[in-house]
Amino acid sequence: MTGRILMTIAHRAAILAYIVFALFPLFWLLKVSVTPNDLLYSEGVRLWPSHTTFEHYRFVIENSAFPTFFKNSLIVACSTSVAVTVLSSLAGYALSRFRFRGKYAIVALMLITQMFPLVMLVAPIFKMLSPLGLTNSLTGLVIVYTAFNVPFATFLMQSFFDGIPKDLEEAAMIDGASRFIAFRQIILPLTLPGIAATLGFVFTAAWSELLFALMLISGNTSATFPVGLLTFVSKFSVDFGQMMAAGVMALIPACLFFLLIQRYLVQGLTAGAVKG
Amino acid sequence: MASIALSRVGKSFGTHSVLSEVDLDIKDGEFVVLVGPSGCGKSTLLRMIAGLEDITSGTLTIDGQRVNDLKPKDRDIAMVFQSYALYPHMNVADNMSYSLRLRRRSKEVIAAAVSAASGKLGLDPYLERRPKALSGGQRQRVAMGRAIVRKPKAFLFDEPLSNLDARLREQMRAEIKRLHAELGATSVYVTHDQIEAMTLASRIVAMNAGSVQQIGAPLDLYDRPANLFVAGFIGSPGMNFLEGRCEQGPENSTVVLSRGYRLPLSVRIPAADGETVTLGIRPEHVTVAPDGQIDAAVELVEPTGLGIILHLIVHGESFKLFTTDRALLQPQATLRINLPKERLHVFDQSGNRLAVM
Ligand SMILES: Nc1ncnc2c1ncn2[C@@H]1O[C@H](COP(=O)(O)OP(=O)(O)O)[C@@H](O)[C@H]1O
Ligand SMILES: [Mg+2]
C-alpha cells in the first residue's frame, strides 16, 4: 500500500522534474525578454529581474522588420504544412492500401532521401532554383520544405492509415461509396489525429528552419523569422532583450497551433471500429 | 432480390491459386451457406461476389448480368463483416443510413427505413450511440441493420457470429433465420461452423482447399456425404472411419476389417474384389450390445447432458460413439459394439462415395 503511494510520488516527481527541465529554456527566454537592458548584466544570475519592462516588445514590433519576418514565416509554414499534409495523406494512403508496380522502389527512394545531411544539398538546390527565379522567394522555400518533409510525413501518414481496418472502407464501398468518397468520408475523419500530428510536425519544422532560409534568401523582404533573428546580432553586440522578445512572439503561433490540434492528437477515434 | 451465378470461377493471388473452377447457382431468395475449414477460400469467394476481390477467371452474374468488372458500389449487394466494420465516428442511426445518404434519398425515406430496421433489431434505444458504446451483440445488430435498411439485391455474411459468445451466437442465429424468412432475400453466408451451416442453410456448399466438395440441402450432406471430407466435416462429433477390404459376393459385397471382422453390406458396391475401401459410420448410429461383433476399449467418457460421447479404441484407431443411454456412464474397460449395416457409408481409396446404405 505505502509502496504504491511511494511509486506514485516518485512517478509524479519524475514527470515534474522532466517538465521543469524542458520548460526552463522557455522560461529564460521570457525572463530575458522582460528584463530592462540596464539590469541585464548588472544583476547577476537571478530567476526574475527586480523590475520588468515591455520595452523590447514595443521596439521589436514598431522599429524592426520583425512583423515582415513573422508574416513570411507564417506564410511559409502554413503553406508547407498544408501542402505536405495533402500530399503525404494521399501518398500514405496509396502505400498503405494499394499494391502497385515499383512500390518498394519508391519506398526505398524515399528512405534514401532521408539519409543525406541537408548541408550537402544546399549548393545543388541553389543551382536549381536560381535560374527558375525561386531564390529569394517564399515560393522557393515552400517548395524546398515540402520536398524535404514529404517522405517522412508520408511514412507517418502511412502508419496511421495502417492502423485503420481495411474493412471500414470496404464496408463503405459496398454501401455505395466510390473509393475516393470512402477515403474522404470514412478514412480521413478517422485519421484526424494523424493529420494533426503531421500538420504540427511539418509546421514547426518549417517555422524554425534556418539552413535553407539562410542560404536561399537574402535581404529582409523575404526573410523568415529564424533568419530575421540574426539581424539582432550585430558585429559588436547582441541585443538579447529584443532577440528574446522576438523569440517569445515567434512561439505564439506554434503554441496556438498545438492548442488547436491537441484535441485530435489525444483522441483515440478508432476505438470501437471493429470488435472490442 | 436476385439470383447469383458463378461459372468456373477461379482466383489466384499472384501465382498462388486459392480457388479453382467454382460453379454455383444461387436462386432468388435462397439462403446458401459456404462452409469449410479455415483458409479454404470461403471469404475470398464471398469477397469476389461483393466485388472486393478481382475475379481471376470465370464469370459471375447477378440476375443474368455479367458483373465481373462492376465496382462494389454498383452491384447493389450488402455485406456483414466478421469485424462488423461499423463507422466509429458515426452514431448507430448514421451508420445504418450511410448507404441511403450516399444515394441521396430524402430525409423522410431515410428516417422511415432506419426506424423500421432498428425496430426489427431492437436497436431503438441505441440510435444516438457511437459503436464504441455498444456491446458486441449490439454492434452485430447494427451491422445487420446497416445491411437491411437499403433492401439490396443480396446479403453477404462473412462469419458474422464468430465474435459472439455461445449463447448470443445461438440467439442471433435464430434471429438471422427469422429475418430471412421475413425478408426472403437472397443470402450467401460464410462460416466454418457446421452447426451454423446446418441450421441456417437452404443449401450448403461444402468447400475444402479452394474447391467445392458438395452442394446440397443440409440433411443431404449429412445423410449422403459425397466424399470423406464432407463426411468428416459435417456432423459433431464427426463420422468414424475404418479401413477394410472389399469382397464381392453374388448379391452383395462384404467389407472385411483388419482383424477379420466381416461386415456384409446390403448391396453390391462398385469396387473391385480385394480393393481397399473406407467404411464410415456416425457416432450416434453405433450401437452397444453384449453380443456385439466388435471389441472396443473405452478411453474416455464425456457426458454432454443431452447424451454421452464415448471415446473408444477400435483396432488401434480412435472411434466415437454417441448414446443417450446413461447406463453407459458407468466406468468400464471394454465394450462390444455393432455397426448396423443400414447406417454404413462406403468410400473408395480416393475418398469418393461408393455407397450409402
Ligand atoms: N490478399 C491475399 N493475398 C494472398 N493470399 C491471400 C489473400 N487473401 C487470402 N489469401 C489466401 O487465400 C486463402 C483463402 O483465404 P480465405 O478466403 O480468407 O479463407 P477462409 O475465409 O476460408 O478462411 C488462404 O490461404 C489465404 O492465405
Ligand atoms: Mg474467412
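What share of the contacts in chain B with a separation of 6 or more comes from residues 24 or more positions apart? Such residues account for 63% of those contacts, a contact being heavy atoms within 4.5 Å. This is a predicted model, in which local features need pLDDT of at least 70 and side-chain atom pairs count only at pLDDT 80 or more, while totals for chains, interfaces and linings use all residues. Residues are numbered from 1 along each chain as its sequence is written, chains are lettered from A and ligands numbered from 1 in the order in which they are written, and side-chain values use heavy atoms, with hydrogens and water left out.

**Chain B overall**

- Chain B contains eight helices and 21 strands; helices (H or I, at least four residues) and strands (E, at least two) are DSSP runs numbered from the N terminus.
- The C-alpha trace of chain B spans about 75 × 45 × 35 Å along its principal axes.
- Of the 357 residues in chain B, 53% are buried, where buried means under 20% relative accessible area, exposed over 50% and partly exposed in between (1.4 Å probe, protein chains only).
- Chain B exposes about 15700 Å², of which carbon and sulfur atoms supply 48%; accessible areas come from the Shrake-Rupley method with a 1.4 Å probe, and for residues only the protein chains shown count as cover.

- Strand 1 (residues 4-13) and strand 2 (residues 16-26) of chain B pair in the antiparallel sense over seven bridges; two strands pair if DSSP finds at least two bridges between them.
- Within this pairing, Val9(B) stands opposite Val22(B) of strand 2.
- Two residues separate the strands of the hairpin, and Gly14(B) in the turn has a positive phi of about 65°.

- The shell of ligand 1 consists of Phe13(B), Val18(B), Ser38(B), Gly39(B), Cys40(B), Gly41(B), Lys42(B), Ser43(B) and Thr44(B), each with a heavy atom within 4 Å of the ligand.
- Helix 1 (residues 42-50) of chain B supplies the largest share of this shell, three residues.
- The shell has three nonpolar, five polar and one charged residues; Ala, Val, Leu, Ile, Met, Phe, Trp, Tyr, Cys and Pro count as nonpolar, Asp, Glu, Lys and Arg as charged, and the others, Gly among them, as polar.
- Oxygen atoms of ligand 1 lie 2.9 Å from a backbone N or O atom of Lys42(B), 2.6 Å from a side-chain N or O atom of Ser43(B) and 2.5 Å from a polar side-chain atom of Thr44(B).
- Taken alone, ligand 1 exposes 560 Å², and the protein buries 61% of that area.

**Thr191(B)**

- Thr191(B) belongs to strand 8 (residues 186-191) of chain B and is buried, with a relative accessible area of 2%.
- The side chain of Thr191(B) makes a polar contact with that of Glu196(B) at 3.1 Å; a polar contact is a pair of N or O atoms within 3.5 Å, and within protein one must be able to donate a hydrogen and the other to accept it, with residues adjacent in sequence counting only if both atoms are side-chain atoms.
- The Thr191(B) side chain also reaches the backbone nitrogen of Asp193(B) at 2.9 Å.
- Beyond four places in sequence, residues touched by Thr191(B) include Val33(B), Lys42(B) and Glu159(B).

**Ser33(A)**

- Ser33(A) lies in helix 1 (residues 2-33) of chain A and counts as buried at 0% relative accessibility.
- A polar side-chain atom of Ser33(A) is 2.7 Å from the backbone oxygen of Leu30(A).
- Leaving aside neighbours within four places in sequence, Ser33(A) is in contact with residues including Thr53(A), His56(A), Tyr57(A) and Gly241(A).
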